[in-house]
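Subject: Structure handover

Hello,

Here is the structure for you to look through. My notes on what was found follow below it.

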Amino acid sequence: MIERPSLFYAFATANEVYVRLAEIFIMGPEIFNDDCVTQCMNRILHEYLLPRACKGQLCLTLKSAVAGLDAFEPFYGDLLQHFEEFSLSNDNFALFVLLGAYANEKLFDGLLLKCAIWDPCRNIVRQMTTKKCHGFLERTDIRDTLKEKHFSQYSQLLAMYAAAIKNNRILRDRNPLAFEIASRELGHFIRDHEAGRNHENTVSCLFSMLKS
C-alpha cells in the first residue's frame, strides 16, 4: 500500500481488508499490541478501510463466503469471543467489532451483528472504552428502513440499548462511545414516537425491558 498504492487499491476490496486485519486481533494481544503492527494497521484502517466503509463498500453477508471464509458469521462470532477474552480495552479492536456491524451495507446482516454485540449475556459493550466517534456510526439514512423492513429485530436492539443503560452495563464515563450509540438511537426513537409515528409495539417492548 505504501510503495504501490494504486496497485493496492486496484486489487484489494474492503471486505477482504476487513477480514485480514480482523484476523490480527484473533491472534491475540501479543500481536495486535505490537507497536509495528499497530502503526501498519492504523495506516490501512484510516487511509483505506474507514473511507471505503463510509462510502458503503463494506458488504458482509453472514451466510456468504468472503475473503476465503466459507461464511462470515462464524468468523465474526470468533472475533466477538476473542474480544471478550482479551480486548484489553484496545480501541482498534473495538472499532473493528463495531465496523463489521454498523458500517455493513447489508442492513439486515448488520442489524443481527449489532444484536450480537449488545447481547446482555455477553460482556462486549462493557469493555468498549473507546471515545472517538466515526462517520459510519452517525448514519441516519438506515433507521426508517430498519423499522419498516426489520421491525422485530430493530425493536429488540432498542430494548438491548435501553437495558444496557438501565443496568449500568455501559456508563457515560467508562464507555463514552457505546453510551453515545445507545442513547442517540433511543433518543431518535423517542422523538419519532412523540411525533406520532406508529411504533407502539416497540414502545411496549422497551418499557417491558426497562421494568424487568
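**The cavity**

The largest cavity holds about 170 Å³ of space. The model is a predicted one, and a search of the whole structure finds 1 cavity of 30 Å³ or more. Its lining consists of 14 residues, with Tyr102, Lys114, Arg139, Ile142 and Glu185 nearest the centre. By type, the lining residues of the largest cavity are 9 nonpolar and 5 charged, with no polar ones. Helix H8 (143–149), helix H9 (151–166) and helix H10 (176–194) each give at least two residues to that lining.

**Lys114**

Lys114 sits in helix H7 (residues 107–117). Lys114 is buried but has no salt bridge, and the nearest side chain of opposite charge, that of Glu185, is 6.7 Å away. Beyond its neighbours within four places in sequence, Lys114 is in contact with Ala101, Tyr102, Ile142, Leu146 and Leu157.

**Salt bridges**

The whole structure has 7 salt bridges. One of them joins the side chains of Glu84 and Arg122 (2.8 Å, N to O). Glu84 is in helix H5 (residues 72–86) and Arg122 in the loop between H7 and H8, so this pair ties together parts 38 residues apart in sequence.

Another pairs Lys147 with Asp144 (3.8 Å, N to O). These two are 3 residues apart in helix H8, which means that about one helical turn separates them. Lys147 is buried, at 6% relative accessible area, whereas Asp144 is partly exposed, at 37%.

Glu47 and Arg43 also form a salt bridge (3.2 Å, N to O); they are 4 residues apart in helix H4 (residues 35–54), and so about one helical turn apart.

Regards

Terms used. Residues are numbered from 1 along each chain as its sequence is written. This is a predicted model: local features need pLDDT of at least 70, side-chain atom pairs count only at pLDDT 80 or more; totals for chains, interfaces and linings use all residues. Side-chain values use heavy atoms; hydrogens and water are left out. On a 1 Å grid over the protein atoms alone, a cavity is a set of points where a 1.4 Å probe fits but cannot get out, and a pocket is an open set with protein on both sides within 12 Å along at least five of seven lines; lining residues have an atom within 4 Å of a point. Grid points are joined across faces, edges and corners, and a volume is the space filled by probe spheres set on the points. Ala, Val, Leu, Ile, Met, Phe, Trp, Tyr, Cys and Pro count as nonpolar, Asp, Glu, Lys and Arg as charged, and the others, Gly among them, as polar. Buried means under 20% relative accessible area, exposed over 50%, partly exposed in between (1.4 Å probe, protein chains only). Lys and Arg count as positive and Asp and Glu as negative; His and the chain ends are not counted. A salt bridge is a side-chain nitrogen of Lys or Arg within 4 Å of a carboxyl oxygen of Asp or Glu. Contact means heavy atoms within 4.5 Å.
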